[in-house]
Amino acid sequence: MRWKCSELCENTSTMANKELPKYLQSIFYPLFKHSKDLECQLMLMDEMLEVGDRKGLPFLAALESHENPKISNKAFEIK
């Protein structure tokens with residue numbers, strides 16, 4: 001299927017207006033989401049402290065209410 005330039009421009013502007021929630025903008029979100037092991041999740045959180053930036057702060061705020069107290073407590077410590 002071939003796209004017309006006008007369709008591409010329209011789709012691009014529509015996508016630009018739909019910004020992801022702030023906590024989803026963290027590079028660590030998909031890594032954390034797909035990590036099922038608690039120890040791996042805690043190690044990722046340690047890396048957030050070392051190499052993360054401001055985009056990780058909303059994700060940490062979301063983790064403060066995580067169901068696992070170890071993750072929740074660590075999010076409070078890091079933030």
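A polar contact here is a pair of N or O atoms within 3.5 Å; within protein, one atom must be able to donate a hydrogen and the other to accept it, and residues adjacent in sequence count only if both atoms are side-chain atoms. One such case sits at the start of α3, where a side-chain oxygen of Asp37 comes within 3.1 Å of the backbone nitrogen of Glu39. The model is a predicted one, with local features needing pLDDT of at least 70 and side-chain atom pairs counted only at pLDDT 80 or more, while totals for chains, interfaces and linings use all residues. Residues are numbered from 1 along each chain as its sequence is written, and side-chain values use heavy atoms, with hydrogens and water left out.

As for the overall layout, the protein chain has 5 helices and 0 strands, which reads α-α-α-α-α along the sequence. Helices (H or I, at least four residues) and strands (E, at least two) are DSSP runs, numbered from the N terminus. Of the 79 residues in the chain, 24% are buried; buried means under 20% relative accessible area, exposed means over 50%, and partly exposed is what lies in between (1.4 Å probe, protein chains only). The chain exposes about 6300 Å², and carbon and sulfur atoms supply 57% of that. These areas come from the Shrake-Rupley method with a 1.4 Å probe, and for residues only the protein chains shown count as cover. Taking contacts (heavy atoms within 4.5 Å) between residues at least 6 apart in sequence, 48% join residues at least 24 apart.

Back to α3, which covers residues 38-51. The buried residues of α3 are Gln41, Leu42, Leu44, Met45 and Met48. They take up an arc of only 155 degrees around the axis, so they lie on the same side of α3. That arc is taken over the directions from the helix axis to the C-beta atoms. Cover for these buried residues includes α2 (28-34), α4 (57-63) and α5. Over on the other side of α3, Met43, Glu50 and Val51 are exposed.

Salt bridges (a side-chain nitrogen of Lys or Arg within 4 Å of a carboxyl oxygen of Asp or Glu) number 2 by this rule. In one of them, Lys74 pairs with Asp46, with the closest N and O atoms 2.7 Å apart. This pair ties together distant parts of the chain, since Lys74 is in helix α5 and Asp46 in helix α3, 28 residues apart. Lys74 counts as buried, at 19% relative accessibility, whereas Asp46 is partly exposed at 34%. Leaving out residues up to four places away in sequence, Lys74 touches Leu42, Met45 and Asp46. Glu19 and Lys22 form a salt bridge too, at 3.1 Å from N to O, and both of these residues are exposed.

Finally, there is Lys79, in the segment after α5 (69-78). Lys79 and Leu60 are 19 residues apart in sequence, yet 6.6 Å apart in space, C-alpha to C-alpha. Not counting residues up to four places away in sequence, Lys79 touches Leu57, Leu60, Ala61 and Glu64.
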